[in-house]
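Trainee: I would like to go through this model with you. Could we take it one topic after another?

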Amino acid sequence: MNGAAEMYAGGIKELAAAHTGPESLPDPDRTASVDNPFCGDRVDLQLALEGDRVTAIAQRVRGCMLCEAAANVLARSAPGASRTEIEAARDSLQAMLRGAKASGEWPPQGWEALAGFEPVRRHKSRHGCVLLPFAALLEALSPATGCPLD
Amino acid sequence: MSQSGTGQSGADLALPEADWSPASLRAQFPILHRQVNGHALHYLDNAATTFSPLRVQEAVAGFENHSRANVQRGMHQLGVEATDAFEAARGSAARYLNAASSEEIIFTSGTTFGVNLAAHCLGQLLRTGDEIVVSVAEHHSNFVPWQRLCERLGLQMKLIPVQASGSLDLDGLETLVTERCRLVAVSHVSNVTGSVTDLKTVSRVARRRGALLFVDGAQAAPHGPLDVQALDVDCYAFSSHKCYGPTGVGVLWVRDAVLQTLPPFLVGGGMIERVTCEGTRYLHGNRRFEAGTPPLVQAVGLGAALDWLMELPWPAIRRYELGLTTRLLQGLSAIGGLSLVGERQPQGRAPIFSFAIEGCHSHDVCQILDDYGVALRGGHHCAQPLMDSLGLTATSRASLAVFNTREDVEALLHALQRTVELLR
């Protein structure tokens, strides 16, 4: 088996099917809705925060298997993490996908499931699918763009 | 594409049917002989971009190597030859569309530019309160320019809905197109479903209300010569890269009576009559809309592509294509959980097939098909309003060109079955 089939035969399929976390929160602090303009995938995300740390995350994902799998990793690993830690995990993931050397350890501690995306590295056109949930989460966490709910 | 109601003429065919075969056509496309991921290439993404035959490549190379110069204003031999080649391409476009005159042909960078040009120019003739009617099935290129125009000028944009099949629902058109409607914009063929718009009905209603009819012909033009006069439309835009020509060029045909009323869009060299420090007087007709150096090489290539298309034996090609369509529809319907988006009958449609598979996202499907050398497109196909109307987020799309064969169709069906097994 080679090519894309190898990617789907690995852990990504199980990760995508895991459906970790709810689709909405009863009282979210922040929301974000992010699209991948090339394919129309969309992540609608809600957050509960305590200070700068995520306490709860809910996501509605309209996307491919890679996007779903990445969203499920977020649902597992983002609660308890700060914006800086999430950015560092995203940067490590991005560096891995680009074949560049990550500044920290790979996979980052607490984000070990990201290793499941290593087979995506050679499929450049799909990197955006994996990164979309991170973009939604970081947009929600950004004071400038995240939409606080009154 | 079936001829009935499409305005596709198929007349004046130079190549005898007996001399035509898929193999003879394929020999003209060297790219078809390459391999992808260890498999023969089965290219079924022609609705996005198709390939150029050797004849087009030779025309481009010939122009580059022998006649490359600017057009209209060169006082030297190369300038004369370049102008002749460029204007010959304009003539080819006029013949392909059966335009009344090549003076009605404007070279653009593609369909998107053609729609934007028309929206900008026509927009200068519209006033707040005027209405524009567009269908929800449009490619974004024939939707967003009109939407933006309406936002900018305070016009009302009304939408032609679709049936469950994705075909336009024209039942309420008489009511939708009112006396205040100044323009109706629809595609000739859907880039998602392959359904053919009944342009004669749309034209009849538009004419009755005094509205102009703009047609996005990007997906119809690749399927044989057209007759814009018989279709009774006012503007018709298409792209070269879907018609076996080079990228970066397209055609906007505008009926002369409309063309003469339009103010300029882009301004600069090549479209003026006289410039003084006090003001500028613009050329009339098509040249008014070709500011700057036009895409010369690309236009020459497009002309060669259209000449080539006009020589194909379309009745034979359509019979062959109908066979492929019938087999493809039958094969797709046998795949469990697959829903075809669009009409299910093989006749009266363009060979564009979108489908969704339960539990399998189109990006994942297309990615795995690529392992088998099968090239499809997955996503919203730049038709998000249509996707929303149909309750879909994305589909996989196979689209045929004149060089596709039964082997391509069987390769798709085989790989699709394997893909579904892997993803489920």
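Mentor: The discussion below turns to the interface, the pockets and cavities, the salt bridges and some backbone features of this predicted model.

Trainee: How many residues of chain B are in contact with chain A?

Mentor: On the chain B side there are 14 residues in contact, and they meet 20 residues of chain A. The area buried between chain B and chain A is about 1400 Å², with 51% of it from carbon and sulfur atoms.

Trainee: Which residues of chain B lose the most area to chain A?

Mentor: They are B:His363, B:Gln367 and B:Leu422, which together account for 36% of what the chain B side buries.

Trainee: And how many salt bridges are there between chain B and chain A?

Mentor: The count is 1 salt bridge. The side chains of A:Arg126 and B:Asp364 form a salt bridge, at 2.9 Å from N to O. Polar contacts across the interface of chain B and chain A come to 11 residue pairs, both residues of each pair being at pLDDT 80 or more.

Trainee: Which elements of chain B supply the side that touches chain A?

Mentor: At least two residues each come from α12, α13 (384-390) and α14 (406-423) of chain B. Of the elements, α12(B) gives the most to that side, with 5 residues. By class, the side of chain B that touches chain A has 3 nonpolar, 7 polar and 4 charged residues.

Trainee: Turning to pockets, what is the volume of the largest pocket, and which residues lie nearest its centre?

Mentor: The largest pocket holds about 550 Å³ of space. Its lining consists of 20 residues, and those nearest the centre are A:Ser125, A:Arg126, B:His363, B:Gln367 and B:Gly378. B:His363 and B:Gln367 were also named among the chain B residues that lose the most area to chain A, and A:Arg126 was named in the salt bridge with B:Asp364.

Trainee: Which elements supply the lining of the largest pocket?

Mentor: From chain A, α5 (127-141) supplies at least two residues, as do α12 (362-371), β15 (374-375) and β16 (377-379) of chain B. The most comes from α12(B), which gives 4 residues to the lining.

Trainee: What is the make-up of that lining by class?

Mentor: The lining of the largest pocket has 8 polar, 7 nonpolar and 5 charged residues.

Trainee: What about cavities?

Mentor: Over the whole structure, 4 cavities of 30 Å³ or more are found. The largest cavity has a volume of about 80 Å³. Of the 13 residues that line the largest cavity, B:Asn46, B:Ala47, B:Pro222, B:His223 and B:Leu400 lie nearest its centre. That lining divides into 7 nonpolar, 5 polar and 1 charged.

Trainee: Lastly, the backbone. Is the peptide bond from A:Trp106 to A:Pro107 cis or trans?

Mentor: That peptide bond is cis, with omega near -10 degrees. A:Pro107 sits in the loop between α4 (83-98) and α5 of chain A.

Trainee: What is the phi of B:Tyr244, and where does the residue lie?

Mentor: B:Tyr244 has a positive phi of about 75 degrees, although it is not a glycine. B:Tyr244 is in the loop between β9 (235-239) and β10 (250-254) of chain B.

Technical notes: Residues numbered from 1 in each chain as written. Chains lettered and ligands numbered in written order. Predicted model: local features only at pLDDT ≥ 70, side-chain atom pairs only at ≥ 80, totals over all residues. Heavy atoms only, no water. 1 Å grid on protein atoms, 1.4 Å probe; cavity = no way out; pocket = protein on both sides within 12 Å on 5 of 7 lines; lining within 4 Å. Points joined across faces, edges and corners; volume = space filled by probe spheres on them. Nonpolar A, V, L, I, M, F, W, Y, C, P; charged D, E, K, R; others polar. Contact = heavy atoms within 4.5 Å. Buried area = accessible area lost by both parts, 1.4 Å probe. Salt bridge = Lys/Arg side-chain N within 4 Å of Asp/Glu carboxyl O. Polar contact = N/O pair within 3.5 Å; in protein donor to acceptor, adjacent residues only side chain to side chain.
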